[in-house]
Amino acid sequence: MGYSSLKLDKFLISMHNARMSHAQQAQISGFCFVRAYAKINLTLDILGRRADGYHDLATVMQTVDLYDTLCLTATSDDRVSLICTTPELSNNENLAVRAAQLVRQRFALRQGIGIELYKRIPIAAGLGGGSSDAAAVLLALQQWWQLPFSSSDLLNMAATLGSDVPFFLTGGPALCEGRGERVTTLAPYWPPSMRWLLLLKPAISVSTAAVFRSLPASDYTDGTYGTHSRAVCAAFDARSTPRLEDLHNGLERSVLETYPEVARARKDLLDAGASFVQLSGSGPTLFAPFSELFCARRVQEHMQAQGYDVYLSRAIHPDAGNVCFF
Ligand code: C5P
């Protein structure tokens with residue numbers, strides 16, 4: 001980040017120089033913007049159900065350039081408040097608010113924060129929007145307030161907020177294991193055949209918990225023969241295009257069976273000219289890769305004419321420039 005912006009903030013300098021405890025801090029001023037990118041799951045291997053009710057996973061995720069914008073403003077009260085362009089998300093249960101509260105608790109801070117959230121990522125869609133918003137708040141506050149988090153502090157806080165939140169601290173491509181919180185960043189390779197991505201969001205919401213709860217063990221990946229995720233990691237490592245049969249989502253069969261709207265959208269995308277379509281996460285968003293912009297755009301227009309919500313996107317590596325201080 002550009003530390004010059006922090007020179008403006010006399011408080012932060014005094015905090016460092018006088019080694020003032022974070023709990024003693026006075027007013028922080030100003031505001032900052034941060035982008036929170038969506039993700040898709042190239043693979044999602046379900047390995048088994050755990051005693052704590054979660055599932056052990058192996059999943060390769062990639063950040064894409066569909067993003068929410070958050071504006072964090074220092075306020076003179078001691079509250080965290082949120083206003084979101086999607087009104088039903090303007091509440092204290094929102095993961096962005098919970099992330100800010102967690103940081104305040106961790107450092108015994110009373111500084112108030114107002115969060116404005118410009119939502120573009122569809123909600124409950126399998127694109128990780130809520131998790132990404134939470135990670136964006138953690139990263140923005142760490143940089144803005146110069147908080148002495150170790151990377152394991154940050155990971156632990158992220159994992160407390162949700163299984164996908166640790167992934168968004170770094171973005172993809174990454175292999176996520178365990179509950180999703182063990183993140184291994186992969187070499188930044190992306191197959192040319194997947195240069196452009198259509199993200200189609202059927203007009204329903206899907207509960208991740210409900211999808212996992214009803215998943216039969218026959219949909220688990222048998223790890224003895226290696227996972228689809230490992231095969232995709234090996235392909236990326238060799239800078240080669242993964243085999244289509246390794247782009248596998250263990251939740252897809254069940255979601256297509258349970259939600260006919262998703263199965264219909266998948267068929268419509270294939271009929272419109274997509275050569276490959278897969279569910280992202282627990283859905284209902286489907287992604288379809290294209291090597292050429294022209295083809296992607298033609299299919300997008302075709303699907304939009306049928307009334308579908310379709311985003312033309314691409315893989316992206318988020319960087320520190322995502323946070324912008326004023
Ligand atoms: O961790 P997060 O709150 O995002 O997960 C939402 C729900 O998805 C969990 O309550 C759980 O039912 C299910 N889940 C799971 N195994 C995972 C991740 C999520 O069963 N690895």
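In this predicted model, the C-alpha centres of domain 1 and domain 2 lie 26 Å apart, the protein chain being divided into domain 1 (3-186) and domain 2 (192-313), with bounds that come from an automatic or database domain assignment. Residues are numbered from 1 along each chain as its sequence is written. Because the model is predicted, local features need pLDDT of at least 70 and side-chain atom pairs count only at pLDDT 80 or more, whereas totals for chains, interfaces and linings use all residues.

Across the domain boundary, 26 residues of domain 1 are in contact with 34 residues of domain 2, where contact requires that the C-beta atoms of two residues, placed from the backbone, lie within 7 Å. On the domain 1 side, strand 1 (31-49) and strand 2 (55-75) are the elements that give two or more residues, and strand 1 gives the most, with nine residues; helices (H or I, at least four residues) and strands (E, at least two) are DSSP runs, numbered from the N terminus. By class, this side has 17 nonpolar, seven polar and two charged residues, with Ala, Val, Leu, Ile, Met, Phe, Trp, Tyr, Cys and Pro counted as nonpolar, Asp, Glu, Lys and Arg as charged, and the others, Gly among them, as polar.

Both domain 1 and domain 2 give residues to the shell around the ligand, so the ligand lies between them. The shell comprises Tyr54, His55, Leu57, Gly162, Ser163, Asp164, Arg179, Gly180, Thr208, Ala209 and Phe212, each with its C-beta atom, placed from the backbone, within 6 Å of the molecule. Its largest share, three residues, comes from helix 7, which spans 208-213.
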